[in-house]
Structures are given as structure tokens and as C-alpha cells.
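Hello,

Here is the structure I promised to pass on. Please open it first, then read my notes below.

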Amino acid sequence: METQYRGAVLGGLVCQIFFGIILVAIYRALYAGKPQTIPLGHVTTYVWLQQAFFRMLLSNDPELLDKIRTGAIAYDLCRPLHLYGYYYARILAQKVTGSALRALPMLVFAALLPEGWGLCAPVSVPALLAAIVALILGFFCVSAIENITMGFTMRTLDPRGMQAMLSMLITIFAGNILPLTLFPDSWQRVITLLPYAQLLDAPIRLYTGEYSLGMLPQVLAIQGGWTVILILAGCAFWNRNQRKLIIQGG
Amino acid sequence: MSYIFVDHLCKSFVVRKKREKGALLREKETVHALKDVSFEIEKGELVGYIGPNGAGKSTTVKILSGILVPESGTVTVGGRVPWENRKEHVSHIGVVFGQRTQLWWDVPLLDSYSLLKDIYRVPEADYQKRLKELTEALQLGDLLRTPLRLLSLGQRMRAELCGSLLHSPELLFLDEPTIGLDAVSKLALRDFLHWENKEKGTTILLTTHDMEDIAALCSRVMVIGHGSKLYDGGLQEMLSKYDTKRTVQVEEHQNIDHVIAAMYKDLGL
């Protein structure tokens, strides 16, 4: 079993490094043909930070989904727990530990790459600290998003459809496939306000200096606002589900 | 009022069926899982709750544990209405569903137990005392550091029971606890349940298809079928009523399963 855990971490690392290099190569080719207004270093940094924290975006808790599907969630309902809070904490813990294991070695690797390929240093120390604060808020936000998907699973008993849709939305609008900084300006005005941009895009922009420190209160307000809204919405959704819930069979 | 008070309890489910060819709408069928069930159970009783598959046993247990909300009827457990204040209610009860697991698959039992301790907010001293008592009674001492997935079915069931009783509930629901167990494990489990009921005064409602369980443990049996309560009383009376061989003056009792089958048939189930 321990081998399996180590294998999963190692496999994830190799996979994310591979994707990172491919994406960086693509953007280098793009810049060679048609330089963009955003410096190339920002884009490669964006790619590496996205890859390093990929785990944060990935919804991956088969146990929880199995429980909902097989009805073992009946046990959870027999506990003196706030169900939403319990699952929220679980999702958050998994995202934090999953990312922490992979992010550090990835970032070290990316920082060692030659210039124009790798991770650039943050624009300043305060910017780095601001980015870390924003990243923490991003974790709270993404867990709230995922817990809403869980709520849908309670209803439909099958996570796949909802999850496929969610992961598509997340990988696109969180900037995992194409950095949000490369979207047309008119698009950016809207998508940077969506909850997905609060997960990694906002912290990365603070890191690279795309968002100045003066904008920090505004950035945190949008992140915090979405987090509160999504948690409240998720709570209400779960409570409604819970009243309707019927543990089938058994 | 009795500890568990159930009066005119009704619950039905809507089952959607696949559309028939050419039909415009899906057919809906209402299944009446419980039709006007009433009973009372006193504190410290150990009651067997039997009936054929789909009779409404699990539905009753789920309503009593606050997971399901009934359509009509009155239910109180220790003065509480289960579904109205779920969190408060469930901290006083323990549940074992024989075919599901409540412990965490990949972690050692001890870790699962200490998580349950936190969930139920059991004080450390009480927890240590109770854990010691339960691990001795259930012979779990050697297994505490073993992950759940490495345990045999019998070991797992003992581990589940321990998990359900750590917070010293007043009331324990057991849904087919001996399903799939070998003879030795079954006997050990029965001894334990007897001990827990007698020594600790825990009220136990036992749902099972294993008539030996009932015969070994319960002095009172409730029979449910098609959502209605059909019998409530002593086990011996029930057996003598339906023991067909005895009526024809044959010395030896027939297998208890045959008696139950004869009873279900007689009751039109």
C-alpha cells in the first residue's frame, strides 16, 4: 500500500512535469511567431504554478462518492455532525495534502530550468506573501465548489456527468489549459470575476505582479465573497438534500 | 411513556418504473413500506425485529435513527423526535448496518476509533475506559493496529460493533449483524450482545434473518410483513403457535427456519 501512495505521488509529478514542459514549449513557439504583451517569463511561471497545484483543481475523492452511491452515507447521517462541514473539511484536507506533496518538488524543479523555460522569482517578497494568502483563500473556494458537485451526486447517484462538466469548466476557467492572462482582454474582464479564477489565477497574478499590491484588497474581497457565497449555497443545497435523502435498499 | 414509542407510523416511497413501449408517461408506483405500525419498547429491552426481505424493517430502523422522515405517525425515542433534532438524537444512539462499514478502510482501527471519539466528543478518560472494556469483551486487542481492509469478516464485525458503542449509546440498532459470519464468530458476537445488554443496560433492537440469533438473544420478538406489524410477543409463544410438527405430536422440533417460513405463509406474506 505504501508503494501505491509513493507511486501515485511520483506518477503525478512526472505527469505534471511532462505537461508543464509541453505547455511551455507551445507558448515559446507562439511567442516566436507572434510575441504577446504579457512577458514570456510570466506565462511560463503561470504554467508551472498551475501544474504544481493541479491537485487542487482535481476532484478526487472516490470514497465519498462511493459512500453516496452505495448508501454507506447512512452512517454519516447517524453521527452528530454537520454533514456539509464534515465533507468540506475532508475535501479541503485532501486538496491541501495532495498539493503540498507535489507542489514543492515541482516548484524546485521548475525554478532550476533555464530562463525562458522555468519558474521566475516572485516580483517582490510582499507580492509572494500576498499570493500565499490568496492561494489559501483559493483552497477554501475550490472546496466549496467541489462540495456543491457532491450535493448533485447525492441527487443523481452518479458523479460522472456532473464531474465531467465541472472539471471541464475548472480546467478552462481556472487557467489550467490556457493561462487566463492570454485570453482576449474583453473576455478577461468577465472570466477573472468568475469563481474559477479565484482558485489559482488570482494568486499567480499577484505572484507575477500582474495584479499590483494595491489591488490586493479588491482581489481578496472577490475571492472571499465567492467563497462565502459558495459555502452558503452549498450548505443550503446539502440541507435540502438531507431532508429529502432516502438511503436506498439495505 | 416508554423509551421507544411508535404510534400509527406510516411511510411510503414512490418508485418510478421504466416507461412501457408507446406510453407517454412513466408509471409511478407507491410502495407502502410502513402502514400504521405501532409499538413500544422499554429501556434495557433486547427486542428481535424480523420479517421477510422488503417488509419494512430497515425503514423502521432508519426512521428511529432520524435518517428518514415518516409521512405520519408519532415517534419518540427517550422523549426525542428522531428527525427533528438529528444531531442531538444520534449522539445517544449507535447503529450497525451489517452490510456497510462505518470505519475507515485504509487506517488502523485505533485511528478510526480516535476519530469517532472526536466526532462524538467523548472525554479522553471515558474513551480509554470504554475502549479497554470493549476490546476485551470483543477480543480486539491484537487487531487495534491493523488496517480494516486486512481483517476477516468476523473480525470486522466485531470492530464495527466496538466503533458503534464507543460513545456508550443508550440504544443500539443492529441490522443483520451476523450476516456471513462463521459459527464461532456468531457465538462470540451473541455472547457480547448479551453482555452489553445485561451489564450496560443498553437497549437493543436487533434486525436479522438468522433465527438462531433471535432464539439466543431475544425474549421478545416483533414480526413485520407488508408494512404492518403482525406479531409482538414472546418467542416461545410464537414458535409453539407455528410449529406445525408439534401440533401433530412429533417429539422433535423442526428447524426454526421452517417454523418462520410456516408463519410467514400463514400470515400471507
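Let me start with one residue. B:L138 is buried, because 23 other C-beta atoms lie within 10 Å of its own and 20 or more are enough to count. Keep in mind throughout that this is a predicted model.

B:L138 sits in helix α4 of chain B, which covers residues 124–138. Which residues does B:L138 touch, leaving aside its neighbours within four places in sequence? They are B:R158, B:L161, B:C162 and B:F192. I also checked B:L138 against B:I179. The two are 41 residues apart in sequence. In space they are 17 Å apart, C-alpha to C-alpha.

Next, the nonpolar cores. The largest one has 81 residues. Six of its residues touch the most other members: B:V47, B:C162, B:L166, B:F173, B:L205 and B:L206. Take B:L205 as another example. Setting aside its neighbours within four places in sequence, B:L205 is in contact with B:I41, B:V47, B:Y49, B:V61 and B:F173. Another core lies apart from the largest one and has 47 residues. Its members include A:V47, A:F139, A:Y196 and A:W226.

Now chain B as a whole. It has 10 helices and 9 strands. Its radius of gyration is 20 Å. A compact globule of 269 residues would have a value near 18 Å, so the two agree. The C-alpha trace of chain B spans about 60 × 55 × 45 Å along its principal axes. Buried residues account for 39% of the 269. Consider the contacts in chain B between residues at least 6 apart in sequence. Of these, 68% join residues at least 24 apart.

Chain A is built from helices. It has 11 of them and 0 strands. Along its principal axes, the C-alpha trace of chain A spans about 60 × 45 × 30 Å. In chain A, 39% of the 250 residues are buried. Among its contacts between residues at least 6 apart in sequence, 81% join residues at least 24 apart.

One helix pair in chain A is worth a look. Helix α7 of chain A (residues 125–156) packs with helix α10 of chain A (residues 201–208). Their axes are 8 Å apart, and the angle is about 180°. Angles over 145 degrees count as roughly antiparallel, so α7(A) and α10(A) are roughly antiparallel. From α7(A), the contact uses A:A127, A:L128, A:A130, A:A131, A:A134, A:L135 and A:G138. From α10(A), it uses A:A202, A:P203, A:L206 and A:Y207. What classes of residue make up the contact of α7(A) with α10(A)? There are 10 nonpolar residues, 1 polar and no charged ones.

Last, where the chains meet. The contact takes 12 residues from chain A and 17 residues from chain B. On the side of chain A that touches chain B, the residues are 9 nonpolar, 2 polar and 1 charged.

Best wishes

Key:
Residues numbered from 1 in each chain as written. Chains lettered and ligands numbered in written order. Predicted model: local features only at pLDDT ≥ 70, side-chain atom pairs only at ≥ 80, totals over all residues. Axes fitted to C-alpha atoms, helices over the stretch in contact; angles between N-to-C directions. Helix = DSSP H or I, 4+ residues; strand = E, 2+ residues; numbered from the N terminus. Parallel < 35°, antiparallel > 145°, perpendicular 65-115°, else oblique. Contact = placed C-beta atoms within 7 Å. Nonpolar A, V, L, I, M, F, W, Y, C, P; charged D, E, K, R; others polar. Core = buried A, V, L, I, M, F, W, Y, C linked by C-beta atoms within 7 Å. Buried ≥ 20, exposed ≤ 12 C-beta atoms within 10 Å, placed from the backbone. Rg over C-alpha atoms; globule rule 2.2 N^0.38 Å.
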